[in-house]
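Dear colleague,

Please find the structure below, together with the sequence.

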Amino acid sequence: MRILIAALTLTLALGAQAGSLVFENVRLVDVKDGSVSEPMRVGVVDGFIVDADSIEQPDATVEADGFLIPGLAEMHAHVPQMRAGEQVVHDTLMLWLAHGITTVRGMLGEPGHLTLRQQLANGEVPGPRLVTSGPSFNGSSVSSPEAARRMVLAQHEAGYDLLKLHPGLWPQAFDAIVESADRLGIDYSGHVSVAVGLERVFESSQGTIDHLDGYAQLMVPEDHDRHGTDPGLFGVNLIDGMVADRIPDLARRTTDAGIANVPTQSLVENWATGDVDALMQRDAMRWIPADMAAQWRERVTQLRASYDSSADAERYVELRRRLIRELHEAGAMILAGADSPQILSVPGDAIHHELAIYVDAGLTPAEALATATSNVADYLGEKNRGCLEPGCVADLVLLESNPLEDIDHTRSIQGVMRAGEWFDRGRLDTALEAIAERAGGGTTENL
Ligand SMILES: [Zn+2]
């Protein structure tokens, strides 16, 4: 595809959001009804979509000849800690952006991420919009219900967007979090602690359940000897006892509770059933430093030791895929999240893998796209995101090929727009090359 920048103004070159741009000859993908428009013109002014005819003389024109989708979201992301160094943080943000991710929900925040959120919003740092949790609520950080209340209050005052729940919470502490957070109106999302259990979470207003945590325990019949035993990571110890006929009831109860799920299924498949050598040799691994890649491989080896057989691992993966499908069919919201960067989930690349898995699990390509676009906007209560009409925020991805024909076409990225700032393929490639170079480009071959 040929992309022609007719007149790139200095404002756009500097990355400011001000200015106007017209996409010529572009087809809009409607993720809600699964349709594609005729080729048309789309205008963008000062970071918002407008009727192209209202722009007399655009600052820039993109001869698109492709398909436009709303920018994607990674709803279970790990923005590196600031102590990892500014370059590492910025490179990770650019990896997401270059793969069409215009919103990330950071699931392990820290004070530095609040500053970063502002820098990203101002366009000072190129990258997706950041929605961030604070430091995690877990068995070590929360010593009592009183401590839980204080921590909720402090994080709310600090300005975090949500509270991150990690394992190890006791029911009394969880109840205190729920009570305080509901009173303040702040979202709490993440894991389901074993002692808390999914039943208690269904009674709460928890925003998202991540990793499908907590479901495995309720898929084991009461008379099975695995019932009530240590579930291990996401129920991996319970595979023998998990039965599929519990899934419809769990899906219905999730829908009734109004709780969304962020499956991070690609992460689980990476370590459970993925071909590790093939995953390590993927092109995307050139952006990952060799030491991190080595840690990932080591972690997979450890996790695989918890299965009795590869048939068990396959059964586990299939049951989880079925749960995703039935949650979706029952009307429970699915939000795309891949837990990047983490165990072979490369930032940005991992969301495309995750979406492809949703399609394999039974969603249509449009439904899979919605999990990363319109569902996210609905979940966050944002009417002007995840959409392509005039008035919507211009967070956009231009694709060469129709993603409704093949979900893998979400990878055919010709350019990404973030709040009106246009990153064409050339600009993205230059950034990606620099990241690969800093990562030590190609050294994973030696691992
Ligand atoms: Zn995580």
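Two strands are taken to pair if DSSP finds at least two bridges between them, and the elements themselves are DSSP runs numbered from the N terminus, with helices being H or I of at least four residues and strands E of at least two. The model is a predicted one, in which local features need pLDDT of at least 70 and side-chain atom pairs count only at pLDDT 80 or more, whereas totals for chains, interfaces and linings use all residues. Residues are numbered from 1 along each chain as its sequence is written, and side-chain values use heavy atoms, with hydrogens and water left out.

I begin with strand β7 (residues 101-106). By the pairing criterion, β7 runs parallel to strand β6 (residues 72-77), to which 4 bridges join it, and Thr103 in β7 is the bridge partner of Ala73. Strand β8 (residues 129-132) is likewise parallel to β7 and joined to it by 4 bridges, with Thr132 in β8 as the bridge partner of Gly106. From β7 the chain crosses through helix α3 (residues 111-122) to β8 in a right-handed β-α-β crossover, where right-handed means that, with the strands pointing away from the viewer, the path from the first strand over the helix to the second runs clockwise. A right-handed β-α-β unit is also made by β6, helix α2 (residues 86-98) and β7. Because 6 of the 6 residues of β7 are buried, the strand is largely enclosed by the rest of the structure; buried stands for under 20% relative accessible area, exposed for over 50% and partly exposed for anything in between (1.4 Å probe, protein chains only).

Next comes the metal site. The zinc ion is coordinated by His76 (NE2), His78 (NE2) and Asp339 (OD) at 2.0 to 2.6 Å, donors being N, O and S atoms within 2.8 Å of the metal (3.2 Å for Na, K and Ca); since water is not among the atoms, sites may look incomplete. His78 lies in the loop between β6 and α2, and Asp339 in the loop between α12 (310-330) and α13 (349-361), so the pair ties together parts that are 261 residues apart in sequence. Both His78 and Asp339 are buried.

Lastly, in helix α11 (residues 290-304) the buried residues are Ala293, Trp296, Val300 and Leu303. They cover an arc of only 85° around the axis, which puts them on the same side of α11, the arc being that of the directions from the helix axis to the C-beta atoms. The face turned away from this buried side carries the exposed residues Asp291, Gln295 and Thr301.

Best regards
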